Amino acid sequence: LKPLAALNHHGYLTINSQPRVNASPSEDANFGWGPAGGYVYQKAYLEFFCSPTNLDRLVAALPEDSTITLQAFNRNGDHRAQSCLHGTREDKRHLMCVTWGIFEGSSVMQPTIVDSEAFEVWKDEAMQLWTSAWGNVYTSNSNSRKVIDTIAETYWHVYMVDNNFVDGDIFRVFSQILSLDPHAGSPIILPKKDPT
């Protein structure tokens, strides 16, 4: 949980994640599922909201030979992508399996798929939740509501998949950009400077 806490502290507001798993027994207490005697696999996955600046920093830090696929959408329908296929930034649909299991006597079972087109549709609902659910907790003129409205209007909804489920590290790219001074304040809410 420490890497997720660090991401949230630095303005990458995580809402979903899973670690990589390589041939964990299906009986494993943390990751197992399906019939006994099988093996389960997962690609590391992160889903979060971030500011345009934080997205720019993240995309710039992804190396050309990265095993990470990234898709991002904002409220206006803008789209950014980074594919692990030779570092291409493209608008093509991305479908990938992120969870699967191998069991005796059967083909690959229970794949969990990440689909960029489904994610784009989900983006509208996810962005709306900022104001319809979380924003409604606060009065319309409160500072908290203004922060939530700013997030809903300007942030990006992002997912990342590390396709190297054997020894990948989805958090490695963040270590290059999170060397921020923790005493400088939250990167989410920057204090307004007095113009005088």
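**View 1. The buried residues of helix α3.** Ser-116, Phe-119, Lys-123, Ala-126, Met-127, Trp-130 and Thr-131 are the buried residues to look for in α3 (buried means under 20% relative accessible area, exposed over 50% and partly exposed in between, with a 1.4 Å probe and protein chains only). Their cover includes β1 (13–18), β4 (44–50), β5, β8 (109–115), α4 (143–154) and β9 (156–162). Helices (H or I, at least four residues) and strands (E, at least two) are DSSP runs, numbered from the N terminus. A word on the model: it is predicted, so local features need pLDDT of at least 70 and side-chain atom pairs count only at pLDDT 80 or more, while totals for chains, interfaces and linings use all residues. Residues are numbered from 1 along each chain as its sequence is written, and side-chain values use heavy atoms, leaving out hydrogens and water.

**View 2. The course of α3 from start to end.** Helix α3 spans residues 116–134, 19 residues in total, and its first and last C-alpha atoms are 25 Å apart, close to the 27 Å expected at 1.5 Å a residue (the expected span is 1.5 Å times one less than the number of residues). At its start, a side-chain oxygen of Asp-115 comes within 2.9 Å of the backbone nitrogen of Glu-117. Further along, α3 has a kink of about 35°, centred on Gln-128; the bend at a residue is the angle between axes fitted to the seven residues ending there and the seven starting there.

**View 3. Asn-74 and its surroundings.** Asn-74 belongs to strand β5 (residues 68–74), and it counts as buried because its relative accessibility is 7%. Its side chain reaches two backbone nitrogens: that of Asn-76 at 3.0 Å and that of Asp-78 at 2.9 Å. Leaving aside residues up to four places away in sequence, Asn-74 touches Lys-123, Met-127, Tyr-155 and Trp-156 (contact means heavy atoms within 4.5 Å). Lys-123 and Met-127 are also among the buried residues of α3.

**View 4. The open sheet that includes β5.** Five strands line up in the order β1-β4-β9-β5-β6, with antiparallel pairing (two strands pair if DSSP finds at least two bridges between them). At the edges are β1 and β6 (79–82), each pairing on one side only. Neighbouring strands are turned by 10° against each other on average, direction ignored. Between β5 and β6, which run antiparallel, there are 4 bridges, and Gln-71 stands opposite Ala-81 in β6.

Technical notes
Polar contact = N/O pair within 3.5 Å; in protein donor to acceptor, adjacent residues only side chain to side chain. Axes fitted to C-alpha atoms, helices over the stretch in contact; angles between N-to-C directions.
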